[in-house]
Every structure is written in C-alpha cells, then in structure tokens.
Amino acid sequence: MVGSGKGRVWDVAEYVVPSQGSHSFAVIIRTHETRGQQLGLCPEVENIVDANCKNDTDCLPKAHDFLLSGKKTGRCVLRNPQASTCELFAWCPVENEDDSITNPWLKSENFTLFIKNNVAFPRFNFSKGNLRPGKDMSYLRGCQHDSITNNYCPIFALGNIYRQIFNEDSTFTEKGAVLAILIDWSCNLDLGEQNCHPKYSFKRLDIQGKGYNFRFARHHTAPNGTDIRVLIKAYAIRFDIIVSGMAGKFDIIPTVINTAAALTSFGLVSLICDWLLLNFSRERNAIRNQKFEEVSQGKNTSATPSMVQADSDDLLKPRTSSNL
C-alpha cells in the first residue's frame with residue numbers, strides 16, 4: 001500500500017535489473033511490448049496452470065502465487081469463451097507471450113565490439129596489452145580482428161562471433177543466448193615479450209539453449225494523473241568477457257629444489273650419492289672396503305648321509321608288544 005491508501009503491484013520488471021558489469025553487456029535482438037498497462041483488475045492468461053479455475057475456491061491465494069502477474073482477488077472470471085482464469089490485481093492487461101513479437105530480429109551482427117585488455121605478471125615485472133603501442137585512431141576505425149593476420153586489432157564484428165559459435169543455427173535469434181569471450185594470456189617469458197600474445201576464443205554458456213531474456217518497464221503519467229507503463233520483454237545476447245593468464249620463466253634455484261624433491265620421492269638420492277662416492281671420491285677405496293665385504297671362495301665339500309633302507313616286508317608287519 002502507498003501513502004494514499006491505494007494498492008500498487010511491484011513485479012519483476014520493477015525491482016529486478018540484470019547485472020551489467022564492467023566485464024559483461026547485453027545486445028537486445030528482439031522485444032515483446034505490452035502497452036497501456038494500468039493498475040487494476042483483470043484475468044490472468046490461461047497458459048499459467050495455477051491461474052485456470054472452475055469456481056472461486058480455485059482462486060484462493062497460495063504460497064507459490066509469485067508465478068502469477070499479480071495478486072489473486074479470489075474470483076474466477078471468464079477470460080475468453082474457452083477458458084476461465086483467476087482475477088488479479090495487477091498491471092492490466094497482463095503480458096501475453098502468445099502475442100506476436102512487435103519487433104523483428106535486429107541486425108546486431110553488423111555491430112562491432114571494442115575490447116581493451118591489459119595483463120600484468122608482477123613477479124616477472126611484465127605487463128602487456130592487446131593493442132600495440134603507436135597505433136592511431138585511424139587504424140582502429142578501419143581494422144577488424146583476425147587471429148592470423150590482425151591479432152592486435154581489438155575490434156570484433158558480432159556477426160563473426162555468432163558464426164563461430166552457432167554456425168548455421170539461427171535459433172538463438174528467438175530466445176537469445178549467453179556467450180563468453182575468452183582471452184588467454186599463456187606466455188613463456190624466456191622467449192621474449194614479442195612471443196607473448198593474447199588468444200581469443202568463444203563459447204556458449206546458456207545450458208541447452210535456454211536463451212537469455214529480461215523485462216523492464218517505462219512509466220509515464222496520463223493527463224488525468226493515471227500511471228501508465230509499457231512492459232518490455234527483451235531477448236538479448238549477453239556477452240561475458242573472461243580473461244585468464246599464466247606466465248613462466250626459468251630460474252635455477254626452484255629448478256634445483258624441485259629436482260631434488262623429485263629424486264627424493266623416488267628413493268634415487270642414496271643410489272646417486274653412493275655411485276658418486278665410489279667412483280669419484282679420493283677415498284673411494286676406503287669407502288669401498290667399508291661398504292663391501294669380500295669373501296674368498298673355498299673348497300666345496302659334500303657329505304653323503306648314510307641311508308638305511310628297511311625291508312619292505314618289515315614295514316608291512318604290524319608292531320606288537322607284550323608285558324612280562
């Protein structure tokens with residue numbers, strides 16, 4: 001309720017705003033508009049299951065009524081000759097997604113995107129950007145990114161991105177999509193700064209082609225003081241820019257430490273130390289005498305034990321004893 005005592009509906013278009021951060025943006029490709037909405041009483045659309053009714057008892061408020069366009073009044077009203085739905089206090093007329101789309105797909109493939117990116121590896125005191133120094137504005141106005149011939153042009157045509165991800169599939173123009181622009185800086189700094197380059201790739205993020213859309217409203221006041229709004233459902237292509245990087249450079253100290261740790265884990269250190277001492281040490285003869293014991297080969301002697309063979313008949317005879 002507002003100060004005048006009149007009710008007001010706050011729906012998703014009023015209080016939910018899609019995030020538009022420094023690393024993401026959305027390009028609207030299609031919109032559906034519901035014009036002339038005013039606060040009042042009207043039936044819900046029939047494609048919402050909880051809105052269909054046969055009598056007023058079917059329209060009692062429930063815990064999951066947030067799926068509806070407004071608040072139930074408890075009345076079941078006729079929406080059309082074929083269906084009855086619950087009456088709502090909402091912005092009327094409510095949005096009907098079965099209506100035709102007011103705007104066709106905008107040719108956003110002709111838009112261009114300028115990405116300015118810098119990477120720094122403080123441990124190696126190294127930093128670099130995706131735009132070569134010394135390039136003037138005339139170069140930026142005329143160039144277009146190509147991973148082979150023009151990798152340091154930061155101007156991307158959205159149509160080229162679409163074709164790399166969707167190929168010939170144009171269903172994204174109906175529901176929208178969420179795309180990732182991946183920038184990878186993986187550099188071997190031993191090869192020099194001139195061999196550290198950004199690598200671009202593109203990936204679709206929305207699961208199973210669910211698409212991407214959001215709603216927003218534009219309000220204006222009629223001459224009689226009535227608040228009127230236009231509800232817009234926008235289908236868009238959202239771009240998320242994701243930057244990752246890893247750099248390496250040879251250093252003798254961690255190399256020795258890691259090598260020793262690896263040898264220790266496999267039990268090879270003792271073998272290597274013994275080999276060095278026995279072959280290269282000045283005291284190798286004394287070490288060998290202490291480590292190994294020489295055993296002289298003596299004469300072999302053998303003894304043949306006497307074998308007593310019992311008569312087989314005796315073995316078969318039973319043993320008897322008697323007491324005298």
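**Pockets and cores in a predicted model**

Helix H3 supplies the largest share of the lining of the second largest pocket, three residues. Helices (H or I, at least four residues) and strands (E, at least two) are DSSP runs numbered from the N terminus. A pocket, on a 1 Å grid over the protein atoms alone, is an open set of points where a 1.4 Å probe fits, with protein on both sides within 12 Å along at least five of seven lines; lining residues have an atom within 4 Å of a point.

This is a predicted model: local features need pLDDT of at least 70 and side-chain atom pairs pLDDT 80 or more, while totals for chains, interfaces and linings use all residues. Residues are numbered from 1 along each chain as its sequence is written, and side-chain values use heavy atoms, with hydrogens and water left out.

The second largest pocket has a volume of about 170 Å³, taken as the space filled by probe spheres set on the points, which are joined across faces, edges and corners. Phe156, Ile161 and Phe202 are among its lining residues.

Ile161 also belongs to the residues with the most contacts inside the largest nonpolar core, which has 26 residues. Such a core is a set of buried Ala, Val, Leu, Ile, Met, Phe, Trp, Tyr and Cys residues joined through side-chain atoms within 4.5 Å, buried being under 20% relative accessible area with a 1.4 Å probe, protein chains only. Strand S8 (177-188) is one of the elements supplying at least two core residues; S8 gives the most, six.

Finally, the largest pocket has a volume of about 600 Å³, and 27 residues line it.

Conventions
Buried means under 20% relative accessible area, exposed over 50%, partly exposed in between (1.4 Å probe, protein chains only).
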